[in-house]
Amino acid sequence: MWNLDVEWPELVLRGVLVYLALLCMLRISGKRAVGQFTPFDLLVIMLLSEAASNSMTGGDDSLPGGLLVCAVLMALNAAAGFLSARSRSVEAVLEGEAVLVCRDGRVFRDTLRRHRISHSDWEKALREADCEESDIRLAFLEADGSIVIQKTRGAQKE
């Protein structure tokens with residue numbers, strides 16, 4: 001329980017490599033995957049964590065080994081937050097940027113499809129903004145997967 005089966009530098013390196021690999025995979029999977037979990041998305045995340053655990057510990061089941069890998073992951077997460085807050089380019093890479101999906105009532109359907117936004121998700125955003133497509137001045141798919149709609153001035157309710 002207390003003795004490491006793997007040397008501590010290897011545990012640190014394994015934690016860093018798995019963190020970076022999973023970060024890349026999640027960024028590639030798109031905005032929707034991060035912002036709007038379906039039960040299937042949640043299942044994939046849970047299975048990813050299970051699959052990644054062995055690659056991070058290298059078979060080390062000791063308490064210090066597990067805690068060391070957890071500390072590495074927390075440190076990497078803190079470092080990512082620190083760097084994102086201080087560098088716009090790092091923030092864009094790690095967190096993504098908003099994507100324009102509609103301008104002046106013209107919906108960019110190809111952009112919605114490319115980012116895997118379903119028709120029902122788009123309609124839900126319209127209902128939440130209480131507007132029709134023709135009332136939209138600008139609409140953005142945010143980095144967190146949410147859709148933000150700005151209405152034209154005439155469509156704003158007082």
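Visitor: Let me start with a residue I just clicked. What does A125 touch, leaving out residues up to four places away in sequence?
Guide: A125 touches I147 and I149. Keep in mind that this is a predicted model.

Visitor: Where does A125 lie?
Guide: A125 is part of helix α7, which covers residues 119-129.

Visitor: And is A125 buried or exposed?
Guide: Buried. The cut-off for buried is under 20% relative accessible area, and A125 counts as buried because its relative accessibility is 6%.

Visitor: How far is A125 from A139?
Guide: In space they are 9.6 Å apart, C-alpha to C-alpha, and in sequence they are 14 residues apart.

Visitor: Let me zoom out. How many helices and strands are there in the protein?
Guide: The protein has 7 helices and 4 strands. Along the sequence the pattern reads α-α-α-α-α-β-β-α-α-β-β.

Visitor: What order do the strands take in the sheet?
Guide: The order is β2-β1-β3-β4, in an open sheet with antiparallel pairing.

Visitor: Which strands stand at the edges?
Guide: β2 (106-107) and β4 do. Each has a single partner strand, so one side of each is left without a neighbour in the sheet.

Visitor: How many bridges join β1 to β2, and β1 to β3?
Guide: There are 2 bridges between β1 and β2, and 4 between β1 and β3. C102 takes part in both pairings: its bridge partner in β2 is V107, and in β3 the partner is A139.

Visitor: A139 again! What does A139 stand opposite in β4?
Guide: I149. β3 and β4 run antiparallel and are joined by 5 bridges.

Visitor: What is between β3 and β4 in that hairpin?
Guide: The hairpin has 5 residues between the strands, and G145 takes a positive phi near 95° there.

Visitor: Which residues touch the most other members in the largest nonpolar core?
Guide: That core has 16 residues, and W122, I136, A139, I147 and I149 touch the most other members. At least two residues come from each of β1 (99-103), α7, β3 (136-141) and β4 (147-151). α7 gives the largest share, 4 residues.

Visitor: Tell me about I136, then. Is I136 buried or exposed?
Guide: I136 has 0% relative accessibility, so it counts as buried. I136 sits in strand β3. Leaving out residues up to four places away in sequence, its contacts include C102, W122, L126 and I149. I136 and L126 are 10 residues apart in sequence, with their C-alpha atoms 9.1 Å apart.

Visitor: And A139, what is A139 in contact with, leaving aside neighbours within four places in sequence?
Guide: A139 is in contact with V99, L100, V101, C102, W122, V148 and I149.

Visitor: What about T57? Where is T57 found?
Guide: T57 is in helix α3, residues 39-57. T57 counts as buried because its relative accessibility is 14%. Not counting residues up to four places away in sequence, T57 touches V6, L11, R14 and V69.

Visitor: Which residues of α4 are buried?
Guide: G65, V69, V72, L76, A80 and S84. Helix α4 spans residues 63-86, 24 residues in total, and reaches 35 Å from its first C-alpha to its last, close to the expected 34 Å.

Visitor: What happens at the start of α4?
Guide: A side-chain oxygen of S62 comes to within 3.1 Å of the backbone nitrogen of G65.

Visitor: Last one! What share of the protein's residues is buried?
Guide: Buried residues make up 29% of the 158 residues. As for contacts with a separation of 6 or more, 62% are between residues 24 or more positions apart.

Notes. Residues numbered from 1 in each chain as written. Predicted model: local features only at pLDDT ≥ 70, side-chain atom pairs only at ≥ 80, totals over all residues. Heavy atoms only, no water. Expected span 1.5 Å × (residues − 1). Buried < 20%, exposed > 50% of the residue type's maximum accessible area, 1.4 Å probe, protein only. Polar contact = N/O pair within 3.5 Å; in protein donor to acceptor, adjacent residues only side chain to side chain. Contact = heavy atoms within 4.5 Å. Core = buried A, V, L, I, M, F, W, Y, C linked by side-chain atoms within 4.5 Å. Pairing = 2+ DSSP bridges.
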